[in-house]
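Keep the sequence and the structure side by side while you read.

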Amino acid sequence: MKLNPFSAVGILLMTVCSTDGIRKSDEVCYPPLGCFSTAPPFGISLQRKLIVKPKSPDDIGTVFKLYTRINPTVPVDLDARKVDTATATWPDFQAKPVKIIVHGFLQAVTPDDWLSAIKNELLIEGDYNVIIVDWSKGNKPPYTQATANTRVVGAQIALLIHKLVESSGIKNSDVHIIGHSLGSHIAGYAGERLDELGRITGLDPAGPQFENTDIRVRLDPSDAMFVDVIHTDGRPLLFLGFGTLQPMGHYDFYPNLGHDMPGCTMSNPLKDVSELEKMSSSDYVSCSHHRAVKYFIESINSKCPFTAYPCDGGRDFNAGKCNTCGTQGCARMGYHASPSGDHTIHSYYLTTSDTERFCLYHTDVSIQFSSKPTFSEQGNIVVSVATNSGHIKTSRVSDRSMTFKNDQTVQVTFTDRDDIGTITSVSLLWERDNSLSASIWNIFGSSSKRVYVNKVTTFSAEADKSVSFCAADNAIEDKKTLLLTTNQLC
């Protein structure tokens, strides 16, 4: 049986065992939060070569800041040590969904930071109780101490939720905790103390001292009824990566393979130099780590759904094997992520833009070549699509010459910040490779100088709609174009 640490029995047992601040060799206890041991799984390991005990609630100084639509800009603060006064301190708190936002290492809470940005978007989207958790007195260096302090903050959030459930009529399932970096693991610590917490969203959970640890040490799917994670900085710390690629949720999203976000890499920093000048060196170094936050903020009220494809890994995604929703179905990354109902664990991949707006619409065009006649030609195909909204998008199948042959299927993906509408026509321009090396190769291959197309299928991931154009094994000669319209739908 799981002991509720905030029940009368749980508090009594912990109080009998210790008084406030009493330290034993391997633990420290802070009633009514409980005891925090440095024994396994929190003990010294390959991931944690230095272990420290968490500081006291007095030292960490956690403050809960409540915002509602009635009071959206000036918070009502509640000292985390005085959650018994929540009802009196928060008269605006009502029985409606609760969103709790938790920051990570070195973050200071200010009126114009990302926590406020999430809060503002949430209050536009729905009528919520939004609570920002300010533990900025306990998130200072050294990192090992801040890491230890997360356990206390998680316990404080769990106690707050327990008190609000007792006094206001909400349920654990009404609560959604959104944590960035260390805040993701804080959310996990809160969730493991509560039965059926509604949801946890981990925004690039911190990797150092958490990756490959026991599930009791880090965020994991058992911490809430639905745990979704966005990975954006999954490089080793040696390469200035602050996140992790390790799956930690029911749904793990890997935009741009989960590391080196577009617009953040050293080889292609920010396009706008003036924007770069506004950033501190720490912001620049942690650009990818913070990008998960920006994706989440945009996702709350954007019409673009951040569609992500089911995929077994980055290698398959790079190889173009994950550009359909398949039987599993695609998922929305960000605020509107929702479980499929089976609570199984899935990984999803997608691409984003390098600047805001980050979300992209995707249109996949698959070209299926004919079974007969036999051909094998080197070259490239230029694919153009036209839509009912007047958009025309063009791309080559490959950035270099390649071989096209019978029964082969090749694919092009078009991305755009806006929904380009329904595709009304597709044209294919065949460009045969007439270089010397290709000519020598063709001596042993086909001499038809043309390719034969059976069918072209377009798929919109956002609309989950596919349209097929029948080409009826039409031949395309060098430098000639095959045009397919709605008159040739299959």
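Which residues does Asp223 touch, not counting residues up to four places away in sequence? They are Gly188, Gly191, Glu192, Leu197, Ile200 and Arg218. Bear in mind that this is a predicted model.

**The annotated site**

Asp223 lies in the loop between E8 and E9. Arg218 lies in the loop between strand E8 (199-203) and strand E9 (226-230).

Are these two residues buried or exposed? Asp223 has a relative accessibility of 2%. Buried means under 20%, so Asp223 counts as buried. Arg218 is buried too, with a relative accessible area of 9%.

Arg218 has its own set of contacts. Neighbours within four places in sequence are left aside here. The contacts are His185, Phe210, Thr213, Asp223, Gln246, Pro247 and Met248.

The side chain of Arg218 comes to 3.2 Å from the backbone oxygen of Thr213. For Asp223, the side chain reaches the backbone nitrogen of Asp220 at 3.0 Å.

**Backbone details in loops**

| Peptide bond | Omega |
|---|---|
| Pro31 to Pro32 | near 5° |
| Pro141 to Pro142 | near 0° |

Pro32 sits in the loop between strand E1 (27-29) and strand E2 (35-37). Pro142 is found in the loop between strand E6 (129-134) and helix H5 (143-168).

Positive phi values also occur. Asn256 is a residue other than glycine, yet its phi is positive, near 50°. Asn256 belongs to the loop between strand E10 (251-255) and helix H7 (273-278). Asp407 is not a glycine either, and its phi is positive at about 60°. The loop between strand E17 (402-405) and strand E18 (409-416) holds Asp407.

Which of these is buried and which exposed? Asn256 has 12% relative accessibility, so it counts as buried. Asp407 stands at 53%, and exposed means over 50%, so Asp407 counts as exposed.

**Strand pairing**

Strands of a sheet pair through backbone hydrogen bonds, either parallel or antiparallel. Start with strand E11 (residues 307-310). E11 pairs with strand E12 (residues 331-332) in the antiparallel sense over two bridges. Thr307 has Arg332 in E12 as its bridge partner. E11 also runs antiparallel to strand E13 (residues 346-350), again joined by two bridges. There, Pro310 stands opposite Tyr348 in E13.

An open sheet comes next. What is the order of its four strands? The order is E18-E14-E20-E21, with antiparallel pairing. E18 and strand E21 (465-477) stand at the edges, each with a single partner strand, so one side of each has no neighbour in the sheet. On average, neighbouring strands of this sheet are turned by 20° against each other, direction ignored.

Finally, look at one pair within this sheet. How many bridges join strand E20 (residues 450-460) and E21? The two strands pair over 10 bridges in the antiparallel sense. Thr457 stands opposite Ser468 in E21.

Definitions and conventions. Residues are numbered from 1 along each chain as its sequence is written. This is a predicted model: local features need pLDDT of at least 70, side-chain atom pairs count only at pLDDT 80 or more; totals for chains, interfaces and linings use all residues. Side-chain values use heavy atoms; hydrogens and water are left out. Buried means under 20% relative accessible area, exposed over 50%, partly exposed in between (1.4 Å probe, protein chains only). Contact means heavy atoms within 4.5 Å. A polar contact is a pair of N or O atoms within 3.5 Å; within protein, one must be able to donate a hydrogen and the other to accept it, and residues adjacent in sequence count only if both atoms are side-chain atoms. Two strands pair if DSSP finds at least two bridges between them. Axes are lines fitted to C-alpha atoms, for helices over the stretch in contact, and angles run from 0 to 180 degrees between N-to-C directions.
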